[in-house]
Amino acid sequence: MTTLDLINLTKEYSAGEPGVMDLTLEVHQGELLALVGPSGSGKTTTLRMIAGLLTPTSGDLKFDGASILGTPVEKRGAVMVFQEHSLFPFMSVYENVAYGLKLRGYARDAIRRQVEHALGAVLLDGFETRRPDQLSGGQRQRVALARALVVRPNVLLLDELLSNLEPALRDELREMIRGIQKSFGITTVYVTHDQSEAVAVADRIALLMEGRLRQVGLPRDFYERPADADIALFFGGKNIFKGFKAGKQVRTELGLLEVAQSNWPDGRVLLTIRPEAIQLGANGYNNLRANVRSYSFRGAVASCGADVNGVELEIAAPPYHRYQEGEAVMLHIPRDRICLLPFREEV
């Protein structure tokens, strides 16, 4: 297993084009790290620099402590799987998966054993003789993954691998990728713009915005402890308000709220409360009287808009209770579900 280090990695383009600025990041041995961010944030540029398809303007890339900047693409041991799976249309599934091993001079028996193992891992036993045009989109993506796995790379790079697939198939392949990655123990960087996909598949997440690293941490951190309002919003945060903190209380337009983050300095702050954190019914403190303004059933949950002192609050309500417009409700916000953020005027 390989440790990947990105050290002050920078890629500059001409004016107006997105790049990567001073990126320092460690991907641990056998870890699956999701690199997320909006379009143009530098995710794919970073992946291409690791693969050797782009040359950094400055900085360094290291595998197990040794720089790979001067190492040719074919000798890096980093394999990249693209959103466009790029299978050879004139080759069978077996031939596509075996291609990299043949280039490396493997013996025929060794190729057969490794191809069979890789196809078994992606549940494509029996598909060896089919050609790409005889496969579904999900099957072609699994062949591309097998082709990457069969050469046992030091680092596996996955670029928006599931973006073109329908939701049900995307969920299925996501679970497969997670299982395969752990089984093979390959250090993996998984690029996606889909926050829910990153949370479901990754050991850790690194968030890029405008070419700069904004936060690294466990998936839960981005929901419960985002570093700032931009990150909270990117991960679906709602209910962001201005406030003034004094001790363990914050005065807000919703009213006076108790908070758990007593080590946060007093003064002006932003706070965010995720819709799913708001509970229905009173519970000792942080109880707010509200009136329902909107209700939308969404299957597993219902989205409910409530008015608190003239301020709109979004709630993820239980789906079994249908609220009526104008209905009075009591809301409770647990202290440890209120996240404080650095203050800024515009939110």
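**Reading strands, rings and charges in a predicted model**

Visitor: How many bridges pair strand 11 with strand 12, and in which sense?

Guide: Strand 11 and strand 12 (residues 249-252) pair over 4 bridges in the antiparallel sense. Strands here are DSSP runs of E with at least two residues, helices are runs of H or I with at least four, and both are numbered from the N terminus. Two strands pair if DSSP finds at least two bridges between them. Before we go on: this is a predicted model, where local features need pLDDT of at least 70, side-chain atom pairs count only at pLDDT 80 or more, and totals for chains, interfaces and linings use all residues. Residues are numbered from 1 along each chain as its sequence is written, and side-chain values use heavy atoms, leaving out hydrogens and water.

Visitor: What joins strand 11 to strand 14?

Guide: Strand 11 (residues 240-246) runs antiparallel to strand 14 (residues 267-273), with 6 bridges joining them. In that pairing, I240 stands opposite T272.

Visitor: Now the rings. How many aromatic pairs are there?

Guide: The general idea is that rings of Phe, Tyr and Trp (its six-membered ring) pair if their centres lie within 6.5 Å; planes under 30 degrees apart are stacked, over 60 edge-to-face, and the rest tilted. By this rule there are 6 aromatic pairs. Take Y223 and F235: their ring centres are 5.7 Å apart and the planes sit at 75°, so this pair is edge-to-face. Y223 lies in helix 7 (residues 219-224) and F235 in the loop between helix 8 (229-234) and strand 11, so the pair ties together parts 12 residues apart in sequence.

Visitor: Is F235 buried or exposed?

Guide: Buried means under 20% relative accessible area, exposed over 50%, and partly exposed in between (1.4 Å probe, protein chains only). F235 is buried at 2%, while Y223 is partly exposed at 26%. Ring pairs link F222, Y223, F234 and F235 into a cluster.

Visitor: Which ring has R335 over its face?

Guide: A charge sits over a ring if NZ of Lys or CZ of Arg is within 6 Å of the ring centre and within 35 degrees of the ring normal. R335 lies over the face of Y285, 3.6 Å from the ring centre. R147 lies over the face of F88, at 5.7 Å from the ring centre.
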